[in-house]
Amino acid sequence: MNSFILQTFNGISYAALLFLLASGFTLTFGLMRIVNMAHGAYYLFGGYVGLTIAKLTGNFGLALLAGGLAAMLLGYVSDRTVLRRVGDDHLAQVLITVGIAYIVGDVSLKIWGGDAQKLPLPLFLRGVIELPGGIVYPTFRIFLTAIGIGVGVLLWLIYRRTQIGAAIRAGVDDREMVSATGIHVDRLFVIISALASFLAGVSGVLGGAFLTVFPGAEWEILVFALVVVIVGGLGSLEGAMIGALIVGLLDAYGRWLAPELSYFVLFGPMAVLLLFRPRGLFGSANMT
Amino acid sequence: MTQRRKILIVVLLAAALVWPFVGGQYGTSLMTQIFIFGMLALSADLLLGHAGLFSLCHAAFFSVAAYTTAILQVRYQVPTELAAPAGILMGTSLGLLFGLSVRTRGVYFILVTLAMGYVIWGIGYRWASFTGGDSGVTNVPAPSVGGFTLSTMLEYYYFVLAVMLLVMYVYHRLIRSPFGLTLRGIKSGEARMRSLGFSPPRHLYTAFIVSSFMASLAGVLYAYFNKFVNPVSASLHVSFEAVLMALVGGTATILGPFIGAGIILGLRNWVSSFFELHLAVMGLVFIIVVTWAPDGVIGLLKRFIDRRKAGANHG
């Protein structure tokens with residue numbers, strides 16, 4: 001029973017990490033219909049920059065900020081230089097962003113080497129906390145979960161309760177119509193895209209502290225985030241939340257019960273969805 | 001078939017036959033690899049070029065077939081006559097399952113196939129007790145059918161060439177058939193085809209299975225060529241590159257994927273001999289091809305020939 005609760009906590013904290021990544025992916029797609037396979041590379045790059053900063057300064061907060069900003073810069077550059085030109089063709093978008101991810105991955109390998117590296121944590125995040133009921137759990141995982149929930153609530157408030165959020169939701173439904181009402185969808189996209197790559201970078205630093213950063217981490221985390229988005233439905237923030245929880249929990253139980261076959265559990269939600277809801281839980285019909 | 005096309009085919013065939021004597025050991029090995037990956041790219045292009053489905057899980061069929069054949073041959077000493085068909089069967093069975101993804105379209109199809117393909121890599125990598133993990137299955141013996149063993153690179157080259165020609169011929173017949181026409185009809189207007197009484201999901205599912213069969217065949221050939229199979233053959237990069245090869249050469253053509261395989265594999269071997277960041281160079285190739293030459297080499301050639309013809313008419 002105890003290990004079941006522990007695994008549930010593990011799943012929830014992994015879900016928090018996945019949500020940070022998937023929310024950005026799903027919103028940029030919803031708004032501009034751009035499939036960004038380089039999203040995992042932002043995560044990786046943010047993680048590595050955070051690693052360097054954390055080692056240099058010993059300040060984890062600074063590492064989080066630096067990782068986020070580095071990924072944001074990377075996202076901005078790839079948006080401006082190539083992504084802008086591809087238009088609506090998903091094939092072109094995928095191949096170009098895969099190209100960007102290859103370049104980022106290979107250059108990172110050259111700079112930071114091929115070994116898996118763990119971000120050093122500040123003292124107050126290193127230990128364990130005793131929860132009511134006698135369960136002992138790593139502080140950092142709780143910190144991560146809190147960040148995930150905090151960002152989730154914040155994003156949800158912006159998305160549902162502000163003018164910008166309304167514009168985003170409208171843009172997801174019908175981009176042309178929103179432009180026609182005088183809202184600069186392009187400017188909106190720059191904001192969302194910056195936010196998304198920033199969150200990806202931050203999640204890279206957070207992920208680096210408990211999953212380590214290593215070459216290839218960008219694809220692993222991207223695929224998990226994509227399954228979250230497939231399950232939740234493209235373009236939906238609520239979908240990303242629910243999807244992250246489902247995938248995070250299934251992954252934790254899978255690793256616990258059948259470590260060698262843990263990737264199998266990713267098939268489950270996808271197969272169910274393909275059969276019953278091909279557009280995901282919260283996906284809308286115009287999202288292809 | 002036009003006269004010019006016949007000449008082209010004869011010239012290419014002659015070139016393929018004499019190639020081992022020009023290219024030497026290294027050239028023969030590289031060309032065998034080009035044939036095998038060209039078949040993989042062709043299989044992905046059946047969906048991409050004719051049905052308009054952008055699949056990112058072809059490495060899964062390729063590697064499952066390769067693993068099955070390799071494991072049967074190495075661990076259970078199953079003869080090639082059974083191990084090779086078993087590999088194709090396993091890969092195609094996976095296609096039956098993954099083919100469910102044709103219920104989705106557009107981005108969902110891309111993301112779902114990518115995730116499914118990744119799971120196969122993950123299983124190859126993590127399920128070490130069965131797949132050999134990181135190091136994979138080694139020492140795959142030379143294929144031996146009916147007491148005849150293809151033990152040298154040269155023999156295997158001609159065998160792969162023969163299989164490839166057969167695949168090309170059948171593929172040619174397939175895309176010229178009413179079935180191929182239906183696929184292209186679905187690609188250009190699914191709603192219209194539906195209202196004409198066709199069932200797009202059924203046709204797309206069939207195409208998916210045929211495509212996975214071809215990818216599995218390439219995978220089995222790869223297992224015997226490479227003599228070992230490891231998770232790299234199941235990685236996303238293989239799926240990405242299969243699509244890129246089709247695109248570089250020219251999609252919806254038969255020769256295109258093979259030209260693309262030649263360019264990509266040739267370029268990679270050449271670049272990696274003097275430059276460490278060859279994956280980054282491949283990334284640049286992805287970006288350059290998609291941005292400036294989306295119709296591939298064959299598209300560029302066609303444009304060049306058309307322009308010359310137009311010039312000649314004016315003169």
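## Helix α1 of chain A

Helix α1(A) is mostly covered, with 23 of its 31 residues buried, in what is a predicted model.

Along its course, α1(A) bends by about 30° at F19(A). The helix is followed by R33(A), a residue whose phi is positive, near 60°.

## The contact between chains A and B

The contact draws 37 residues from chain A and 38 residues from chain B. On the side of chain B that touches chain A, at least two residues are supplied by each of α4 (106-126), α5 (128-131), α10 (236-249) and α12 (278-292) of chain B. Of these, α4(B) gives the largest share, contributing 14 residues to the side of chain B that touches chain A.

Sorted by class, that side of chain B consists of 27 nonpolar residues, seven polar residues and four charged residues.

## R176 of chain B

R176(B) belongs to helix α6 of chain B, which covers residues 153-176. R176(B) is classed as exposed because 10 other C-beta atoms lie within 10 Å, and a residue counts as exposed when that number is 12 or fewer.

Between R176(B) and T149(B) there are 36 Å in space, taken from C-alpha to C-alpha, while the two residues stand 27 residues apart in sequence.

Definitions and conventions
Residues are numbered from 1 along each chain as its sequence is written. Chains are lettered from A and ligands numbered from 1 in the order in which they are written. This is a predicted model: local features need pLDDT of at least 70, side-chain atom pairs count only at pLDDT 80 or more; totals for chains, interfaces and linings use all residues. The bend at a residue is the angle between axes fitted to the seven residues ending there and the seven starting there. Helices (H or I, at least four residues) and strands (E, at least two) are DSSP runs, numbered from the N terminus. A residue is buried if 20 or more other C-beta atoms lie within 10 Å of its own, exposed if 12 or fewer, and partly exposed in between; C-beta atoms are placed from the backbone. Two residues are in contact if their C-beta atoms, placed from the backbone, lie within 7 Å. Ala, Val, Leu, Ile, Met, Phe, Trp, Tyr, Cys and Pro count as nonpolar, Asp, Glu, Lys and Arg as charged, and the others, Gly among them, as polar.
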